[in-house]
2 protein chains.
Amino acid sequence: MTQHVDIREVSLRDGLQIEQPIPLAAKLELLAAVAATGVREVEATAFVSPSKVPSMADAAELAAHLHDYPDIEFSALVASPNGAKRAVAAGLRSIEYVVAASDAFSEANVGRSAAEATGQIEEIVAIAHDAGVTVEVIVATAWDCPFEGPTAPQRVLEIGAAARERGVDRFSIADTIGTTTPRRVSSLIAQLRPVIGDMPLGGHFHNTRGTGLASAYAAVGSGVTRLDASVGGLGGCPFAPGATGNIATEDLVYLLRDSDIDIDVDLPAAIAAAEVARSLVGHDLPSALLRAGDRIRN
Amino acid sequence: MTQHVDIREVSLRDGLQIEQPIPLAAKLELLAAVAATGVREVEATAFVSPSKVPSMADAAELAAHLHDYPDIEFSALVASPNGAKRAVAAGLRSIEYVVAASDAFSEANVGRSAAEATGQIEEIVAIAHDAGVTVEVIVATAWDCPFEGPTAPQRVLEIGAAARERGVDRFSIADTIGTTTPRRVSSLIAQLRPVIGDMPLGGHFHNTRGTGLASAYAAVGSGVTRLDASVGGLGGCPFAPGATGNIATEDLVYLLRDSDIDIDVDLPAAIAAAEVARSLVGHDLPSALLRAGDRIRN
């Protein structure tokens, strides 16, 4: 088992993306709550089409507030070179470029085939690296596509090879629709690792079929050192039918803490942040710890 | 990894125990639905105090219907020698005797200390074996007690040693309040196995903190060959504050199927049985597959 796992808090982006837009002040309230958990990485927003994703239309305004938290590394999701330029101009120091492994999902998500999206990695890396900005490539639908069914692992490996060749800094695999299971996670990582070399590998899991935590734990056992999670289990994907929330930060923290894995996130603070998230979106969230609380009562 | 895992369907007992009593005819409807999943083991009822657990007051009446399913091995939970006698008299061929590893839980549950409950194993085995009936000892609160906190593994090992010495046929460890995590599961099993010898080992997990499936999968990786689950994730425990449902049969089947583990339970039939369970209890259930469906659409 890995000794330290970095949790990236994605509630502000993946968590809020599918929700009705909330005011910037509400996002800043959520940001303050997640910052109080001790988390070191936060996915702050996305520089994508405001008409397609209205909840992220305030990306540049939000970015202006991030210097209030100098100890946190903020990232923003982009879907094109133009988005990368906007993110860099807004002052982000880390960008995530999503490439879907399935053509049907890629077409639905960004109007380009998987190969076309992969082809843009080079330009995005150039835009980012020219400004000293880090680039992560995230493979969406890494195990299953809602339209095409199972993803051939070779599709993921091709994106991994392109990312490595183009000098990408980090690589992640995303179970966009929440279908994967531990053995499939371990199997894909075993095939992927030789292809991506020593690029830090992250995992992004949704709990749509109840297997998100089991898959995340299997990923850690296979060498993943970075995991995305969202307080409250907030989140989904507007382009992924049937997807529900990200794995809940507090549920993940609970599992990792009791597995003797070192993490930066404090459990009571994560539960408190989940309560803030629930209050801001105005509906119940799927988190287990938010309902049941820690096993250790103080 | 184990090649075959036996799933025991516990919705009729653990699933219904905390619910308002439902009519015998409704239980028989649920039984028919779970039998249609192909499951080979079913926990049918409990021979316990009707005043403490009114939902199980019809145990003997239900038992009279079990011969309608000759391919299923039915078991019943008992909490005392008297319960064992009632179960044997009702025609059960397999009984489960629950011993809590924590004194506080044991006192709350059956009014006896853990040592006193352990001491009754001998008499229960004698009652059962004299009638050719199989005995399983299930350790409740094997990892945590809602009143005392973490359970010392030594308490579980002591019950295991007593069970082996008294000729118990099967042994199981139960995460009664849904707090355990994969590493704690593997750790306890590693300590327990030398103590219990070659007794078949089962695991019983609740999903109260979202970690039930991850823990069940870790148990299989540690040599557990029998797992309890409940369609829909129905269930809880009236004497375990904060406990929620058992792991859902259909969620477990989904995970094991995609892990190349051989199981007898059919996924679509399990989802259909969960729908029956939801309809009979008249409220929503926590199952993920009941909401999201299989990743493979037919």
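Q: What is the volume of the largest cavity?
A: This is a predicted model, in which local features need pLDDT of at least 70, side-chain atom pairs count only at pLDDT 80 or more, and totals for chains, interfaces and linings use all residues, while side-chain values use heavy atoms without hydrogens or water. Residues are numbered from 1 along each chain as its sequence is written, and chains are lettered from A and ligands numbered from 1 in the order in which they are written. With volume taken as the space filled by probe spheres set on points joined across faces, edges and corners, the largest cavity comes to about 40 Å³.

Q: Which elements give two or more residues to the lining of the largest cavity?
A: The lining (residues with an atom within 4 Å of a point) includes Asp6(B), Ile7(B), Arg8(B), Gly202(B), Gly203(B), His204(B), Arg226(B), Leu227(B) and Asp228(B). Among helices (DSSP H or I, at least four residues) and strands (E, at least two), numbered from the N terminus, the elements that give two or more residues are strand 1 (6-9), strand 9 (201-205) and strand 10 (226-229) of chain B.

Q: Is Ser172(B) buried or exposed?
A: Ser172(B), which also lines the largest cavity, is found in strand 8 (residues 170-175) of chain B. Beyond four places away in sequence, Ser172(B) touches residues including Arg8(B), Glu136(B), Gly202(B) and Arg226(B) (contact means heavy atoms within 4.5 Å). Its relative accessible area is 3%, and since buried means under 20%, partly exposed in between and exposed over 50%, with a 1.4 Å probe and protein chains only, Ser172(B) is buried.

Q: How far apart in space are Glu43(B) and Ala229(B), C-alpha to C-alpha?
A: Glu43(B) is found in strand 2 (residues 41-47) of chain B and is buried, with a relative accessible area of 1%. Leaving aside neighbours within four places in sequence, its contacts include Arg8(B), Arg13(B), Ser75(B) and Glu96(B). Although Glu43(B) and Ala229(B) are 186 residues apart in sequence, their distance in space is 9.9 Å.

Q: How many of the nine residues of helix 11 of chain B are buried?
A: The buried residues of helix 11 (residues 249-257) of chain B include Thr249(B), Asp251(B), Tyr254(B) and Leu256(B). This helix is largely enclosed by the rest of the structure, because the number of its residues that are buried is eight.

Q: Which helix gives the largest share of the lining of the largest pocket?
A: The largest pocket (an open set with protein on both sides within 12 Å along at least five of seven lines) has a volume of about 1000 Å³. It is lined by 44 residues, and among those nearest its centre are Pro286(A), Arg291(A), Pro286(B) and Arg291(B). Helix 13 (288-292) of chain A and helix 13 (288-292) of chain B each give two or more residues, and the largest share, three residues, comes from helix 13 of chain B.

Note on methods. On a 1 Å grid over the protein atoms alone, a cavity is a set of points where a 1.4 Å probe fits but cannot get out, and a pocket is an open set with protein on both sides within 12 Å along at least five of seven lines; lining residues have an atom within 4 Å of a point.
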